[in-house]
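Hi,

Here is the structure I promised to pass on. Have a look at it, and then read on for what turned up.

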Amino acid sequence: MPKRRTRAQTINWLAWLPAIAIVAETKNISTISVPSVGSASLTHTILPLDVITSCGCSKGASYYPTAALSQAAYGSSVASGPACGQCFNLTLRETFGAVPTWVLSEEQKVSTVVKIVDKCPAVKGQAPGKGWCGATSEKRNKADQFFHFDLSVPSPALNLSFFPSNLSYYGYEDFGSWIIDFEQTSCENWQGWNNETALGIDVSLTSESGCCSANPLVDRDVCPAFSLNANGVSTAAKKKIDPLPLLAILSASFGLMLLI
Ligand SMILES: *[C@@H]1O[C@H](CO)[C@@H](O)[C@H](O)[C@H]1NC(C)=O
Ligand SMILES: *[C@@H]1O[C@H](CO)[C@@H](O)[C@H](O)[C@H]1NC(C)=O
Ligand SMILES: *[C@@H]1O[C@H](CO)[C@@H](O)[C@H](O)[C@H]1NC(C)=O
Ligand SMILES: *[C@@H]1O[C@H](CO)[C@@H](O)[C@H](O)[C@H]1NC(C)=O
């Protein structure tokens with residue numbers, strides 16, 4: 001979903017990182033590490049040009065193929081997450097939900113390399129198997145997949161004509177949902193790679209309020225995870241960050257507040 005980040009929250013609460021991290025991770029994040037090759041479900045959604053989404057990637061990225069990734073695979077329940085900026089080659093395999101299923105022949109298969117710029121949120125209170133983006137490490141989504149990509153269309157680089165259709169047989173052109181094969185790839189293979197304005201975080205943001213590496217393939221751990229604490233406040237939840245003694249003391253004195 002196109003969603004503007006709340007910068008102020010992120011910056012203020014970064015100070016309480018160490019204490020909140022444990023709460024955040026156990027309560028709100030169910031991360032699934034994304035394999036370099038796998039299968040997933042895919043839908044598409046309208047994303048206007050020049051919109052900044054969860055990762056805070058440059059507005060210029062919207063001129064090239066981009067997608068949102070299902071929440072647990074994205075790695076954060078709010079704000080940017082570990083999957084931000086990563087590039088995947090998506091190849092359509094067969095329709096999902098159409099009767100009969102259209103399994104594409106090798107010749108009919110089409111692929112596109114997308115950059116992850118957004119989170120596809122798990123719907124609160126909805127069982128993983130009822131929606132697209134709520135899969136957990138144990139439970140698959142409604143298409144029996146652990147991963148879901150939501151492709152942004154149209155962009156000058158990709159529109160609905162990308163999807164195979166057979167109007168005379170099915171009676172409609174847009175199947176809406178597909179089962180795909182994905183493969184993580186270097187962002188050098190992404191159409192926006194040679195356009196400076198499409199890379200990195202948006203100029204209106206700082207590294208504390210967005211994370212969108214030009215090519216995170218080399219370091220999959222480049223963007224921290226964020227979650228909500230019990231008060232619904234955005235908190236970083238990256239294990240890597242070592243608590244400073246001073247912060248630990250401060251956190252202890254705020255222990256009550258943090259436990260709420
Ligand atoms: C780079 O992207 C911008 C949109 O952000 C576009 O206006 C411009 O034409 C692109 N430049 C090239 C060389 O493709
Ligand atoms: C994407 O996958 C398709 C199908 O396997 C392949 O033909 C194509 O070369 C791949 N593109 C990239 C950039 O890896
Ligand atoms: C859709 O994208 C294709 C390239 O993938 C392009 O040839 C075509 O003109 C685009 N159509 C529209 C309506 O933008
Ligand atoms: C549409 O589906 C029918 C029935 O399977 C098939 O005969 C026809 O070749 C298909 N057309 C395209 C463009 O795939």
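Around ligand 2 sit Asn 89, Thr 91, Ser 111, Val 113 and Asn 189, where a residue counts as near if one of its heavy atoms lies within 4 Å of the molecule. The side chain of Asn 89 has an N or O atom 2.3 Å from an oxygen atom of ligand 2, and for Thr 91 that distance is 3.5 Å (a polar contact is a pair of N or O atoms within 3.5 Å; within protein, one must be able to donate a hydrogen and the other to accept it, and residues adjacent in sequence count only if both atoms are side-chain atoms). On its own ligand 2 has 360 Å² of accessible area, and the protein covers 42% of it (Shrake-Rupley method with a 1.4 Å probe; for residues, only the protein chains shown count as cover).

Before you go further: this is a predicted model, in which local features need pLDDT of at least 70 and side-chain atom pairs count only at pLDDT 80 or more, while totals for chains, interfaces and linings use all residues. Residues are numbered from 1 along each chain as its sequence is written, chains are lettered from A and ligands numbered from 1 in the order in which they are written, and side-chain values use heavy atoms, with hydrogens and water left out.

Back to that shell: strand 3 (87-95) and strand 4 each supply at least two of its residues (strands are DSSP runs of E, at least two residues; helices are runs of H or I, at least four; both are numbered from the N terminus). By class it has one nonpolar, four polar and no charged residues (Ala, Val, Leu, Ile, Met, Phe, Trp, Tyr, Cys and Pro count as nonpolar, Asp, Glu, Lys and Arg as charged, and the others, Gly among them, as polar).

Ligand 4 has Trp 102, Gln 108, Asn 166 and Tyr 169 around it. A polar side-chain atom of Asn 166 is 2.3 Å from an oxygen atom of this ligand. Alone, ligand 4 exposes 360 Å², of which the protein buries 36%. Its shell splits into two nonpolar, two polar and no charged residues.

Now the fold. Six strands close into a barrel with mixed pairing, in the order 1-5-2-4-3-6 (two strands pair if DSSP finds at least two bridges between them). Strand 1 runs antiparallel to strand 6 over six bridges, with Ser 39 opposite Asp 181. Strand 1 also pairs with strand 5, in parallel and again over six bridges; there Leu 42 has Phe 149 as its bridge partner. Strand 2 (residues 66-70) and strand 4 (residues 111-120) are parallel too, over five bridges, and Ala 68 partners Asp 118.

What about the aromatics? There are 15 aromatic pairs (ring centres within 6.5 Å, using the six-membered ring of Trp; planes under 30 degrees apart are stacked, over 60 edge-to-face and the rest tilted). Phe 149 and Phe 182 make a tilted one, 5.5 Å centre to centre and 55° between the planes. Phe 149 is in strand 5 and Phe 182 in strand 6, so this pair ties together parts that are 33 residues apart in sequence.

The peptide bond from Val 99 to Pro 100 is cis, omega near -5°, and Pro 100 is in the loop between strand 3 and strand 4. The one from Val 153 to Pro 154 is also cis, omega near -15°. Asp 50, not a glycine, has a positive phi of about 65° and lies in the loop between strand 1 and strand 2.

Cheers
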